[in-house]
Amino acid sequence: MECRGRDEHDTIATNTTVKMGRVPDAIKEKAIADLHHQQVTMWPSSQGPIAISSAVADRPTQLQTSNPSRCCLGELEPVGHADKDDFDQSSEVASDLTFCDLLAAFNSPWAWKKAEIYDRMIEQLLQAQRSDLQRQASLSLLNKCKTLNIVLEELDYPGKHTTREDFFKELTVSIPRCVQKLLSICDAVPGFSLISEADRAMILKEGLFEWWMMANALFFFEEESYLVLGNGHFYTRAKMLSILEKPMVDEMFAFSKKLYQFELTERMIVVLQAIVITTPGRKNVVNSVNMHQLNELLWDVLRCELTRHFDDSHTVMHHLRQVLQELRPLNDSYKIYIGELQLAVGKDNQESHG
């Protein structure tokens, strides 16, 4: 069994589109209101990969493909925003694979054995991600806006009138939840526990934004952000510009646009999250040897997955490596802007109470 060739059912139908006229504003308002009040429903465990493709970008209202296990983002069933506790802590990830299992698969002469172990690891990562209710709410928002051709800034969406200072506080409150989600992904990565506790803490501290950017890049679509915070407020591009400098926001959208061009599946994206977490060369990480070995194994997992969808998978992986190199300087820029913002918000609060 070789991890080569392209499954004819794994391609996205690009010849069938639905032409829609202008949707009345009242319907759009009701759609967003329904989205804001619905309860979150989780993906079924049998949910297949989701394609992030240029075909989706060009055709925001595509029909479902012949393979029901694969669909475009715009075809997902609508779900609502997350509750206050937007992370399902009851969902435990069965991390039964070890670093030795990955290493044995990497050195295995049998392609079928390698594919079997790698698939199990990817499923562990996907299981960890499915417990993220906030992510499901963002997927739902993206789906609904693309299906109905909704322009968020034309609507009175949740959080639109929140002040700059209050919105910054909301983002600050959401950081512990982001850390919890990152920990869930880390726990699902075989071998991550072999990294020393001090190095793991430094990775979480220094790599949080890089992981967040990789995990949420698909929600930066056509110059708009479809992220939903834990309290149901929409983190749109306009809200980003209210707290971050425009060059920083432009860099984030530029990075996401480059990822869209690869037509990545959800399986590939979750492996890339693990790769970003374990990328060596972080400041203050003492023993990077174990992390380097684990990172290279994860790149091989991605390589095997890419060969199932791309004829020239080596070229695709080479370009992906180049794009991911942009995350480190993007992270540095983010720290600078956030530091300046914290000072500005603190100064504004002092003046308002002075």
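At 53% relative accessibility, glutamate 222 counts as exposed, because the cut-off for that word is a relative accessible area over 50%. The model in which this residue sits is a predicted one. Glutamate 222 belongs to the loop between β3 (220-221) and β4 (224-225). Its backbone has a positive phi of about 50°, although the residue is not a glycine.

A second residue with a positive phi is asparagine 149, where the angle is about 55° and the residue is again not a glycine. Asparagine 149 is placed in the loop between α5 (133-147) and α6 (164-187). With 33% relative accessibility, asparagine 149 counts as partly exposed, because that class lies between the buried limit of 20% and the exposed limit of 50%.

Now follow the chain to a pair of helices. Helix α10 covers residues 266-277 and helix α11 covers residues 289-306. The axes of α10 and α11 come within 9 Å and cross at roughly 165°. Angles over 145 degrees count as roughly antiparallel, and α10 and α11 are therefore roughly antiparallel to each other. The crossing of the two helices is left-handed. On the α10 side, the contact is made by Arg267, Met268, Val271, Leu272, Ala274, Ile275 and Ile277. On the α11 side, the contact is made by Met291, Asn295, Leu298, Trp299, Val301, Leu302, Glu305 and Leu306. Sorted by type, the residues of this contact are 12 nonpolar, one polar and two charged.

Is phenylalanine 310 buried or exposed? Its relative accessibility is 14%, so phenylalanine 310 counts as buried, the limit for that word being under 20%. Phenylalanine 310 and phenylalanine 262 are 48 residues apart along the chain, and their C-alpha atoms are separated by 9.7 Å.

The last topic is cysteine. A disulfide is a covalent bond between the sulfur atoms of two cysteines. How many disulfides does a search of the whole structure find? The search finds zero. Two of the cysteines can be described by their accessibility. Cysteine 100 counts as exposed, at 56% relative accessibility. Cysteine 304, by contrast, is buried, with a relative accessible area of 3%. The value for cysteine 100 is over the 50% limit for exposed residues, and the value for cysteine 304 is under the 20% limit for buried ones.

Technical notes:
Residues numbered from 1 in each chain as written. Predicted model: local features only at pLDDT ≥ 70, side-chain atom pairs only at ≥ 80, totals over all residues. Heavy atoms only, no water. Axes fitted to C-alpha atoms, helices over the stretch in contact; angles between N-to-C directions. Helix = DSSP H or I, 4+ residues; strand = E, 2+ residues; numbered from the N terminus. Parallel < 35°, antiparallel > 145°, perpendicular 65-115°, else oblique. Left-handed = near helix turned anticlockwise from the far one by under 90°. Contact = heavy atoms within 4.5 Å. Nonpolar A, V, L, I, M, F, W, Y, C, P; charged D, E, K, R; others polar. Buried < 20%, exposed > 50% of the residue type's maximum accessible area, 1.4 Å probe, protein only. Disulfide = S-S within 2.5 Å.
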